[in-house]
Amino acid sequence: MAAQWSDYEVDEITLARARRGELDACEKIYRQFHKPVFNVTVRVVHCRELAQDVSQEAFITAFRRIGQFRGDAPFWGWLRRLAVNHADEHRLPREEGVEDT
């Protein structure tokens, strides 16, 4: 079944708890978003193994900077931008005729 937009929402209580550094709130956010973050990063770096590392880096950055999330836009948009920025730093050159791994 395809993801619904509601799958990409984080409630204010979970965000507040994550901002305080509560591990279970961070884990909840990670479980909710690890697949979409991986999917974004693999599309940018074109390598599943590298995308796993880049995704982890993106989450580390997100949890360190979660206090900077203002909430005036969807959380997923903020997290996605962090993931894309990390992936851009690790982008591998694509060779013509080579399929994604």
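Start with α3 and α4: α3 passes α4 in a right-handed crossing. Keep in mind that this is a predicted model. Which residues make the contact? On the α3 side, Val-54, Glu-57, Ala-58, Phe-59, Thr-61, Ala-62 and Arg-65. On the α4 side, Trp-78, Leu-79, Leu-82, Ala-83, His-86 and Ala-87. By type, the residues of this α3 and α4 contact are nine nonpolar, two polar and two charged.

Now the geometry. The axes of α3 and α4 lie 9 Å apart, at an angle of about 130°. That makes α3 oblique to α4.

Next pair: α2 with α4. Helix α2 covers residues 23–45, and helix α4 covers residues 75–89. Their axes come within 9 Å and cross at roughly 40°. So α2 and α4 are oblique to each other. The crossing of α2 and α4 is right-handed.

Who meets whom? From α2 we have Ile-29, Phe-33, Pro-36, Val-37, Val-40, Thr-41, Val-44 and Val-45. From α4 come Phe-75, Trp-76, Leu-79, Arg-80, Ala-83, Val-84, Ala-87 and Asp-88. The α2 and α4 contact residues split into 13 nonpolar, one polar and two charged.

One last stop, the loop between α2 and α3, where α3 runs 48–65. His-46 sits in that loop. Its phi is near 60°, a positive value in a residue other than glycine. Is His-46 buried or exposed? Its relative accessible area is 18%, so His-46 is buried.

That's my tour. Over to you.

Technical notes
Residues numbered from 1 in each chain as written. Predicted model: local features only at pLDDT ≥ 70, side-chain atom pairs only at ≥ 80, totals over all residues. Heavy atoms only, no water. Axes fitted to C-alpha atoms, helices over the stretch in contact; angles between N-to-C directions. Helix = DSSP H or I, 4+ residues; strand = E, 2+ residues; numbered from the N terminus. Parallel < 35°, antiparallel > 145°, perpendicular 65-115°, else oblique. Left-handed = near helix turned anticlockwise from the far one by under 90°. Contact = heavy atoms within 4.5 Å. Nonpolar A, V, L, I, M, F, W, Y, C, P; charged D, E, K, R; others polar. Buried < 20%, exposed > 50% of the residue type's maximum accessible area, 1.4 Å probe, protein only.
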